[in-house]
Amino acid sequence: MTRIATLLAGMALLIAGSPIQAQSDTATEHMRSANPILFSVMIDQLEWRDNGGDPAILEADAWLGGDLNRLWLTVDAEYADGRLEEAEYQALYSRAVTPFWDLQVGLRHDARPGPERDWFTVGVHGLAPYFLETEARLYVGESGDTAMKLKAEYEALLTQRWILSPEIKASLNGQNNRLRGEGSGLSEVSAGLRLRYEIRREIAPYIGIHWKERYGTTAGYRREAGLGTSETSWVAGIRLWF
């Protein structure tokens, strides 16, 4: 976590900027007003699933910055059977490279399941054709391990308040890790379909269905441990935006 704290400090300097030459107060004020520092917090999924252990899921992110440079913080966690089962944190520096795409670099920290590990990450985030929100990130670990995660999500506006949101995620690994139950190649694919009602744009409860399937060596590790490779569950949750 110390590495992430150090990275955050460096990213903050990039966002704030450090001009080489002094500028007049009028020019500085004009720059600030033209590109103000803003922030946003999005709890995209805070939900409960009806499969074993009745897990609670949290997927959230926050950003701070302007139009071109932003600091992103993300959290992806699962709480089940009275304990924290999975926890992944990311600190990213994001730079807009086109009107619809950002290039992101930073660090990822896996706190659960153990042992803890850190990754360097580089990826893109933006809108693909047909307004498909897309993420693609490559990870390189301390010991040379590699992994990749892909995500795509779409929002279909049924009415001004009812929104149907399908999403799909895929995880790939460059090597086997029996201790963490991860196999090389395509490891996991999950898909969800959620219907939300926006009481206000910032508050939207939802219901839906979620499916997850493991593949290859990852599926083999789970069978050896007496665990299933496929999960389908109904979900209920709330989406919050600040």
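Gly106 is buried, with a relative accessibility of 4%, where buried denotes under 20% relative accessible area, exposed over 50% and partly exposed the range in between, for a 1.4 Å probe and protein chains only. This glycine belongs to strand 5, residues 101-112; strands are DSSP runs of E with at least two residues, helices are runs of H or I with at least four, and both are numbered from the N terminus. Between the C-alpha atoms of Gly106 and Gly123 the distance is 9.2 Å, while 17 residues separate the two in sequence. The model is predicted, so that local features need pLDDT of at least 70 and side-chain atom pairs count only at pLDDT 80 or more, whereas totals for chains, interfaces and linings use all residues. Residues are numbered from 1 along each chain as its sequence is written, and side-chain values use heavy atoms, with hydrogens and water left out.

Strand pairing was examined next. Two strands are said to pair if DSSP finds at least two bridges between them. Strand 13, residues 230-241, pairs with strand 1 in the antiparallel sense over six bridges, and Met42 stands opposite Trp241 of strand 13. Strand 13 is also joined to strand 12, residues 203-214, by 11 bridges, and these strands run antiparallel. Here Ile203 has Leu240 in strand 13 as its bridge partner. In a regular strand the side chains alternate between the two faces of the sheet.

The structure holds two aromatic pairs. Rings of Phe, Tyr and Trp (for Trp, the six-membered ring) are paired if their centres lie within 6.5 Å; planes under 30 degrees apart count as stacked, over 60 as edge-to-face and the rest as tilted. Trp119 and Tyr139 form an edge-to-face pair, with 6.2 Å from centre to centre and 70° between the planes. Because Trp119 lies in strand 6 (residues 117-128) and Tyr139 in strand 7, this pair ties together parts that are 20 residues apart in sequence. Trp119 is buried, at 4% relative accessible area, and Tyr139 is buried as well, at 1%. The other pair, Trp162 and Tyr197, is tilted, with 4.9 Å between the centres and 55° between the planes. Distant parts of the chain are linked by this pair, since Trp162 is in strand 10 and Tyr197 in strand 11, 35 residues apart. Trp162 is partly exposed, with a relative accessible area of 38%, and Tyr197 is likewise partly exposed, at 29%.

Charged groups also sit over aromatic rings, a contact that requires NZ of Lys or CZ of Arg to be within 6 Å of the ring centre and within 35 degrees of the ring normal. The charged end of Arg108 lies over the ring of Tyr139, 4.4 Å from the ring centre. For Arg70, the charged end sits over the ring of Trp63, at 3.6 Å from the centre.

Backbone geometry was then considered. Most residues other than glycine have a negative phi, and most peptide bonds are trans. The peptide bond from Arg112 to Pro113 is cis, with omega near -10°, and Pro113 lies in the loop between strand 5 and strand 6. Tyr130, although not a glycine, has a positive phi of about 65°, and Phe131 has a positive phi near 60°. Tyr130 is placed in the loop between strand 6 and strand 7, and Phe131 is found in the loop between strand 6 and strand 7. Tyr130 is exposed, at 73% relative accessibility, and Phe131 is exposed, at 64%.

Grid points are joined across faces, edges and corners, and a volume is the space filled by probe spheres set on the points. Two cavities of 30 Å³ or more were found. The largest has a volume of about 100 Å³, and its lining includes Asp44, Glu153, Arg194 and Tyr206. Strand 10 contributes the largest share of this lining, three residues. The second largest cavity, of about 40 Å³, is lined by His125, Glu133, Thr134, Glu135, Lys151 and Glu153, and strand 7 provides the largest share, three residues.

Key
1 Å grid on protein atoms, 1.4 Å probe; cavity = no way out; pocket = protein on both sides within 12 Å on 5 of 7 lines; lining within 4 Å.
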